[in-house]
Amino acid sequence: MPGKKVWIQINKRAIGKNIAAMRNIIRPSTKLFAVVKSNAYGHGLTLFSGIAEESGVDGFCVDSLVEGLKLRGAGIRKPILVLGPTLPNGSLAEAATNDITVTISNTESLNQMKKSKIKPSFHVKVDTGMHRQGFFPEELNAVSQFIKKNKLPLTGVYTHFASAKDINYPTFTDSQFKKFTDAHRILETHGFKKLLRHAAATGGTMLSKKYHLDAVRIGIGLYGLSPSRELEFQRTDISLEPVLSWHSLVSEVKDIPAGGYIGYDLAERVTRKTKVAIVPIGYWHGFDRGLSHVGEVLIAGKRARVLGRVSMDILTVDATGIPVHQGSIATIIGRQGRETVSANEMGQKIGTSHYEIVTRINPLIERVIT
């Protein structure tokens, strides 16, 4: 990419394909909300959301009001739901002014909603077993009465499944769904008849149609990544394509004699004459330090292993036998020829998930639409 030594490519066609793939498994009446929190899982908040809006999603889920305001500032007009807490510092009025829906999940926040002069619409979150945010079902009679008495603008209710991506524990997801159904029934008995109900993220959406309800919240699937290998194997009818690829330019090539040390603390010693390529990325960019010695990048369609420790801004890789020169493209995530390095592979090498690999890519790296 001219003028850049490190960049992220975002495949616009793949975004449309993934949205269509998820649309194909939900009812036409079920709304598809794109989860774009955490810089759109590392893909670029406003860039990805603009393409997703063009591609027909019904709305967006973000973590914070700050993210919601960035979307509004970028011209996003479709509904936005803040999944995380909106704390009482005047933010509720700002959410209302910008037509952003917030989540209310505890009594303190409900009281702040009552006190706010300008009130945004909100969804109540129910804790059905995840045990993070949310009212317990047994609190909902009192909650419903409070909302009704104070004429607060409740427009939706939702929960979050703890293990829907793990098909080995369907009974827990079913138990959560039953609790959520019972919780919604309590709200209905207090006169809340037209609430938007949603429970399923990508995993729940792929697991069963019964969880789709009025809306689904699709995050990882829109980025072309499956929530789990088990679901990926089970749902062969869903074809997802990774949206993100990550590249850099080789900045230097040199030969290291046999017995030479590589990197900080003499972390690795080569046993033969070794051609090394220097790639100007490191843990500041989001290439985890745990990938020292074991991570690989692609150069000229071949795998080049990381030698020594991952530095803050530099990798040294073994390019022996690879045709490489200054300016050669090194692919960190993505495909070259027949070889692919995936976020999932990187995560497995360091005992984490592909979610963490992509969301930790530095947001300052430029994302380029291809």
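**Aromatic pairs**

A search of the whole structure finds five aromatic pairs, where rings of Phe, Tyr and Trp (its six-membered ring) pair if their centres lie within 6.5 Å, and planes under 30 degrees apart count as stacked, over 60 as edge-to-face and the rest as tilted. Select phenylalanine 177 and tyrosine 211: their ring centres are 5.1 Å apart and their planes stand at 70°, so this pair is edge-to-face. The pair links distant parts of the chain, 34 residues apart, with phenylalanine 177 in helix α8 (residues 170-189) and tyrosine 211 in the loop between α9 (202-207) and β9 (215-218). Helices (H or I, at least four residues) and strands (E, at least two) are DSSP runs, numbered from the N terminus.

Are these two residues buried or exposed? Phenylalanine 177 is buried, with a relative accessible area of 15%, and tyrosine 211 is buried too, at 2%; buried means under 20% relative accessible area, exposed over 50%, and partly exposed in between (1.4 Å probe, protein chains only). Next, select Tyr41, Phe48, Tyr223 and Tyr355, which form one aromatic cluster.

**What you are looking at**

This is a predicted model, in which local features need pLDDT of at least 70 and side-chain atom pairs count only at pLDDT 80 or more, while totals for chains, interfaces and linings use all residues. Residues are numbered from 1 along each chain as its sequence is written, and side-chain values use heavy atoms, with hydrogens and water left out.

**Histidine 123**

At 6% relative accessibility, histidine 123 counts as buried. Which side chain does histidine 123 join by a polar contact? The partner is histidine 198, at 3.0 Å; a polar contact is a pair of N or O atoms within 3.5 Å, of which, within protein, one must be able to donate a hydrogen and the other to accept it, and residues adjacent in sequence count only if both atoms are side-chain atoms. Not counting residues up to four places away in sequence, the residues that histidine 123 touches include Leu81, Thr101, Ile104, Leu154, Tyr158 and Leu196, a contact being heavy atoms within 4.5 Å.

**The whole chain**

Zoom out to finish: the secondary structure comes to twelve helices and 20 strands, and the C-alpha trace spans about 80 × 40 × 40 Å along its principal axes. Of the 370 residues of the protein, 52% count as buried. Among contacts between residues at least 6 apart in sequence, 65% join residues at least 24 apart.
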